[in-house]
Amino acid sequence: MDSMTLNKPAQAAVAQTVKMSARDVKVFYGAKRALHGVNVDLYQNEVLAMIGPSGCGKSTFLRTLNRMNDTIDICRVEGKILLDGEDIYDPKLDVVQLRARVGMVFQKPNPFPKSIYENVIYGPKLHGLATRKDEFDAIVETSLKRAGLWNEVKDRLHEPGTGLSGGQQQRLCIARAVAVSPEVILMDEPCSALDPIATAHIEELIDELRESFTIAIVTHNMQQAARVSQRTAFFHLGDLVEVGDTEEIFTNPRDERTQGYITGRYG
Ligand SMILES: Nc1ncnc2c1ncn2[C@@H]1O[C@H](COP(=O)(O)OP(=O)(O)OP(=O)(O)O)[C@@H](O)[C@H]1O
């Protein structure tokens, strides 16, 4: 069912409200084609995991979803990416606004060299979401709470974000992403630079964030994909080979390439 009803509760993943759609998405770096025509929907209040061997195009695809590929000169995107049914590659579309609606968390925690407080209010300031100090204070508190970081930093909000541990920095980056109230959050291997405890913390957080956002996560870690996602997409050599319920993909994949990857035969 592709109803466009918004503000559904977490179990909406079952009802499958489509938030974003990729239609025959091809990506080229110069003459080289990195994606061969990807079709997939992202459902509201769902975590979609993207897995596959190195170089298969997972990150390239993730970056098409908020036009991060625009920053790469030789990169060209064909096909359609729809957000709430609207083409995000429409030339009239404001890319800064798009990235507020579709936020991103990167592999390496990358807080700005500013205070924890300034990191969180950076986006809201840029987008004019608040003007008064009490409004910014409220955004900082809510965002840090959502990112599971408030209790650890509430007494040192004006200390540098770069002084936090790696796991805390990544949660600060998540707080920075949620501070602008995005609808979709893209995560590109958000735990690969973190230890197992910090990783477990982020995974729990992803599950909580799903109640409010649509999440797409690229991961090399198949256990992580199995733990955090409701659906998984398997990419191979620029093709989206199959996408389905995570449990199904990991226990009963349809394609032998998926089977080969999840059983460790390659990748
Ligand atoms: N900026 C770029 N310029 C040229 N080619 C690129 C660029 N970024 C990616 N590619 C190529 O596109 C293909 C897909 O790369 P991509 O990084 O999307 O794969 P991936 O599945 O995310 O890999 P990994 O798991 O190693 O991060 C690869 O062949 C890669 O070399």
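The crossing of helices α7 and α8 is right-handed, meaning that the near helix is turned clockwise from the far one by less than a right angle. This is a predicted model, in which local features need pLDDT of at least 70, side-chain atom pairs count only at pLDDT 80 or more, and totals for chains, interfaces and linings use all residues. Residues are numbered from 1 along each chain as its sequence is written.

**Helix pair α7 and α8**
- The axes of α7 (residues 166–178) and α8 (residues 196–209) cross at roughly 20° and come within 9 Å.
- The two helices are therefore roughly parallel to each other (angles under 35 degrees).
- Gly 166, Gly 167, Gln 170, Arg 171 and Ile 174 of α7 make the contact with Ala 198, His 201, Ile 202 and Leu 205 of α8 (C-beta atoms, placed from the backbone, within 7 Å).
- By class, this contact of α7 with α8 has four nonpolar, four polar and one charged residues, with Gly counted as polar.

- Beyond its neighbours within four places in sequence, Ile 217 is in contact with residues including Val 47, Met 50, Met 187, Ile 206 and Val 228.

**Arg 210**
- Arg 210 lies in the loop between α8 and β8 (214–218).
- Arg 210 is buried, with 21 other C-beta atoms within 10 Å (the cut-off is 20 or more).
- Arg 210 and Glu 46 are 164 residues apart along the chain, and their C-alpha atoms are separated by 5.9 Å.

Technical notes: Axes fitted to C-alpha atoms, helices over the stretch in contact; angles between N-to-C directions. Helix = DSSP H or I, 4+ residues; strand = E, 2+ residues; numbered from the N terminus. Parallel < 35°, antiparallel > 145°, perpendicular 65-115°, else oblique. Contact = placed C-beta atoms within 7 Å. Buried ≥ 20, exposed ≤ 12 C-beta atoms within 10 Å, placed from the backbone.
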